[in-house]
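Please look through the sequence and the model below. The paragraphs after them take up a few places one by one.

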Amino acid sequence: MGTKTSWALRAGLGAVGALALLVTGVPSAEAGARGCNHRTCISVQGAGLHVDSVAASTTWNGDFTGHFHIWGGGLEANSATGYWGYHQQYTVRVGRDLPNRSVVCAEGWEHVNGRLESRGRACEEIHL
């Protein structure tokens with residue numbers, strides 16, 4: 001293989017690699033996203049603007065006694081007060097499109113001696 005051919009091949013493979021990183025390396029913020037902040041995680045199931053469900057959960061070793069609050073994009077829901085351990089989640093069924101650029105959040109609230117302490121607020125933006 002000649003020097004010009006070798007250089008062109010390397011340049012082409014480099015461009016393909018960069019494009020692959022651009023396409024796969026950026027996390028999706030449409031319905032189908034997941035994220036955590038401090039000890040609270042949010043999971044949005046769906047595709048595009050259609051949201052099937054939104055769930056709140058704790059992180060590993062983030063157990064607490066309290067409740068979750070899910071809101072945004074026309075959603076407003078609170079879980080029952082109870083013990084929330086890892087692998088447990090509070091799920092709100094949605095089954096509809098949310099407005100483009102809606103921000104949906106989940107916040108964990110620990111109940112401590114008659115007061116509420118935030119255990120993190122995780123949010124995801126719904127967009128096309």
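**A walk through the predicted model**

Arg-101 sits in the loop between strand 7 (89–97) and strand 8. The model is a predicted one. Most residues other than glycine have a negative phi. Arg-101 is not a glycine, yet its phi is positive, about 75°. Asn-61 also has a positive phi without being a glycine, with a value near 65°. The place of Asn-61 is the loop between strand 3 (50–58) and strand 4 (64–72). With a relative accessible area of 68%, Asn-61 is exposed, because anything over 50% counts as such.

Strand 4 holds several of the residues that come next, and Gly-72 is in this strand. Is Gly-72 buried or exposed? Its relative accessible area is 13%, so Gly-72 is buried, the limit being under 20%. Leaving aside neighbours within four places in sequence, Gly-72 is in contact with Val-103 and Val-104. Gly-72 and Glu-124 are 52 residues apart in sequence, and their C-alpha atoms are 9.7 Å apart in space.

The aromatic rings are the next topic. How many aromatic pairs does the structure hold? There are 4 aromatic pairs. One of them is formed by Phe-64 and Phe-68, edge-to-face, with 5.3 Å from centre to centre and 75° between the planes. Phe-64 has a relative accessible area of 2% and is therefore buried. Phe-68, at 0% relative accessibility, counts as buried too. Phe-68 also pairs with Trp-84: the ring centres are 5.1 Å apart and the planes stand at 65°, so this pair is edge-to-face. Here the pair links distant parts of the chain, since Phe-68 is in strand 4 and Trp-84 is in strand 6 (residues 82–84), 16 residues apart. Both Phe-68 and Trp-84 are buried. Together, Phe-64, Phe-68, Trp-84 and Tyr-90 form one aromatic cluster.

Phe-64 leads on to another residue, Glu-110. Leaving aside neighbours within four places in sequence, the residues in contact with Glu-110 include Phe-64, Arg-39, Thr-65 and Gly-66, and also Arg-119. Glu-110 lies in strand 8 (residues 102–112). At 16% relative accessibility it counts as buried, because the value is under 20%. The side chains of Glu-110 and Arg-119 are joined by a polar contact of 2.4 Å.

A disulfide is a covalent bond between the sulfur atoms of two cysteines. The count of disulfides comes to 2. Cys-105 and Cys-123 form one of them, with their sulfur atoms 2.0 Å apart. The torsion about their S-S bond is about 110°, so the disulfide of Cys-105 and Cys-123 is right-handed. This pair links distant parts of the chain: Cys-105 is in strand 8 and Cys-123 in strand 9 (residues 115–126), 18 residues apart. Cys-105 has 6% relative accessibility and counts as buried, whereas Cys-123, at 34%, is partly exposed.

Another disulfide joins Cys-36 to Cys-41, with an S to S distance of 2.0 Å. The link of Cys-36 and Cys-41 is right-handed, with 100° about the S-S bond. Cys-36, at 47% relative accessibility, counts as partly exposed, while Cys-41, at 2%, counts as buried. Which pattern do the disulfides of the chain follow? With bonded cysteines counted along the chain, the pattern is 1-2, 3-4.

Key. Residues numbered from 1 in each chain as written. Predicted model: local features only at pLDDT ≥ 70, side-chain atom pairs only at ≥ 80, totals over all residues. Heavy atoms only, no water. Helix = DSSP H or I, 4+ residues; strand = E, 2+ residues; numbered from the N terminus. Buried < 20%, exposed > 50% of the residue type's maximum accessible area, 1.4 Å probe, protein only. Polar contact = N/O pair within 3.5 Å; in protein donor to acceptor, adjacent residues only side chain to side chain. Contact = heavy atoms within 4.5 Å. Phe/Tyr/Trp six-rings, centres within 6.5 Å; stacked < 30°, edge-to-face > 60°. Disulfide = S-S within 2.5 Å.
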